[in-house]
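Have a look at the fold first, then read on.

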Amino acid sequence: MHTATNPNHNAPGESLIKTVSTRLAGGGRKELVAEGAGQVITDLREFRSALPLLIHAAGLRVRPATLTVGDYILTPEICVERKSVLDLIASFNSGRLYTQCELMSVH
């Protein structure tokens, strides 16, 4: 059915935009909102994907930077490493996933 006639049907990508906007600062919990709330620091290499554009479309400021740990910094306490399924499996098998998680915990 067409999206306009079926209110329960989401347009492609709409659920991703909702996920991005609701995950900001722990879903809007005031105790997690940082001084720089409303912005996402994004690794420059991530601009090859559509996610930074979707984040911007959700109303958040996207700040490009060269990150040594993680792909996205949401708050000083929340860092995100984005992976495809194949990269996740390869990272797990090589031990790189453990190292990346350890670095994110330290920083």
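Which residue in β2 does I41 stand opposite? I41 faces R63 in β2. This is a predicted model, where local features need pLDDT of at least 70 and side-chain atom pairs count only at pLDDT 80 or more, while totals for chains, interfaces and linings use all residues. Residues are numbered from 1 along each chain as its sequence is written, and side-chain values use heavy atoms, with hydrogens and water left out.

**The sheet**
- Four strands form an open sheet in the order β2-β1-β3-β4, with mixed pairing (strands are DSSP E runs of at least two residues, helices H or I runs of at least four, both numbered from the N terminus; two strands pair if DSSP finds at least two bridges between them).
- β2 and β4 (78–80) sit at the edges with a single partner strand each, so one side of each has no neighbour in the sheet.
- From one strand to the next, the twist averages 25 degrees.

**β1 and β2**
- β1 (residues 39–43) and β2 (residues 61–65) run parallel, joined by five bridges.
- T42 has P64 in β2 as its bridge partner.
- With helix α3 (residues 51–57), β1 and β2 make a right-handed β-α-β unit (with the strands pointing away from the viewer, the path from the first strand over the helix to the second runs clockwise).

**α4 against α5**
- D87, L88, S91, F92 and S94 in α4 meet R96, L97 and Q100 in α5 (contact means heavy atoms within 4.5 Å).

Note on methods: Axes fitted to C-alpha atoms, helices over the stretch in contact; angles between N-to-C directions.
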